[in-house]
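This report describes one protein chain for a reader who is new to structural terms.

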Amino acid sequence: MDAAAEVIGVDHVYLTVSSVERSEPFYDRLLKDTLGFRKNTFALGGDEHVQYYNRQFGIVLRPARGEARTHDRYAPGLHHLCLRVEGVAEVDRVANMLGALGITATPPRLHEEYAADYYATFVDDPDGMRLEITNFRAERKERMEHWATG
């Protein structure tokens, strides 16, 4: 049997939103203005999509079909989306920038219940989808840098 194919990253994530018109300004401020993503739009199957992308991956907003409801993190599906920045100072800077842009983020803090150096802030999008900004923790760095040695 051949060795398993190695996944080298997340290519894109599609987020279904109840209103692209309502969500786009939020994601502009979060992804474009605060985290440096670029943006474009495209139509797929007759629906307008908004794509945010950086060097690593993309996040696409697509319009929901059917009944609109608030996101339930505890229903089957996506619980939350966590984005990683380099360090604690960047988490603080992101939370401050979001506040200046009118987006309420939780106060950034250490979450030792997750890991000794787990530092994060959280924000909810207009549909109640939880987004997290966390630091690049030691365990993750160690895993990335020493994957081949086990």
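This is a predicted model: local features need pLDDT of at least 70, side-chain atom pairs count only at pLDDT 80 or more; totals for chains, interfaces and linings use all residues.

## Exposed positions

Arg-55 counts as exposed, at 82% relative accessibility. Residues are numbered from 1 along each chain as its sequence is written, and side-chain values use heavy atoms, with hydrogens and water left out.

Arg-55 is found in the loop between E3 and E4. Labels of this kind denote DSSP runs numbered from the N terminus: helices (H or I, at least four residues) and strands (E, at least two). Between Arg-55 and Ala-4 there are 51 residues in sequence and 25 Å in space, C-alpha to C-alpha. Another exposed residue is Arg-38, with a relative accessible area of 59%; Arg-38 lies in strand E2. Leaving aside residues up to four places away in sequence, Arg-38 touches Gln-51, Tyr-52 and Tyr-53, where contact means heavy atoms within 4.5 Å. Arg-38 and Tyr-74 are 36 residues apart in sequence and 31 Å apart in space, C-alpha to C-alpha.

## The chain as a whole

The chain contains 3 helices and 8 strands. Read from the N terminus, its elements follow the order β-α-β-β-β-β-α-β-β-β-α. Its C-alpha atoms fill a box of roughly 50 × 50 × 30 Å, taken along the principal axes.

Of the 150 residues of the chain, 35% count as buried. Among contacts between residues at least 6 apart in sequence, 54% join residues at least 24 apart.

## Helix H1

Helix H1 has a kink of about 35 degrees, centred on Asp-28. The bend at a residue is the angle between axes fitted to the seven residues ending there and the seven starting there. Asp-28 is also one of the buried residues of H1, which include Val-20, Ser-23, Phe-26, Tyr-27, Leu-30, Leu-31 and Thr-34. Just after H1, Gly-36 takes a positive phi of about 75 degrees.

## Aromatic pairs

Rings of Phe, Tyr and Trp (its six-membered ring) pair if their centres lie within 6.5 Å; planes under 30 degrees apart count as stacked, over 60 as edge-to-face and the rest as tilted. By this rule there are 4 aromatic pairs. Phe-37 and Phe-57 form an edge-to-face pair, with 5.8 Å centre to centre and 85 degrees between the planes. Phe-37 lies in the loop between helix H1 (20-34) and strand E2 (38-44), and Phe-57 in the loop between strand E3 (47-53) and strand E4 (58-63), so the pair ties together parts that are 20 residues apart in sequence. Phe-37 is buried, with a relative accessible area of 6%.

The rings of Tyr-114 and Tyr-118 have their centres 4.9 Å apart and their planes at 65 degrees, so this pair is edge-to-face. Tyr-118 is buried, with a relative accessible area of 10%. Tyr-118 is among the residues touched by His-111, together with Ala-120 and Phe-122, when residues up to four places away in sequence are not counted. His-111 lies in the loop between strand E6 (109-110) and strand E7 (119-124) and is buried, with a relative accessible area of 6%. Ring pairs also link Phe-26, Tyr-27 and Tyr-52 into a cluster.

## Pockets

On a 1 Å grid over the protein atoms alone, a pocket is an open set of points where a 1.4 Å probe fits, with protein on both sides within 12 Å along at least five of seven lines; lining residues have an atom within 4 Å of a point. Grid points are joined across faces, edges and corners, and a volume is the space filled by probe spheres set on the points. The largest pocket has a volume of about 1,400 Å³. Its lining comprises 30 residues, of which Val-10, Gln-56, Phe-57, Arg-84 and Phe-136 lie nearest its centre. Strand E5 gives the largest share of this lining, 5 residues.

The second largest pocket holds about 470 Å³ of space. It is lined by 21 residues, of which Thr-16, Arg-69, Thr-70, His-71 and Asp-72 lie nearest its centre. Strand E1 (residues 12-17) gives the most to this lining, with 4 residues.

Terms used
Buried means under 20% relative accessible area, exposed over 50%, partly exposed in between (1.4 Å probe, protein chains only).
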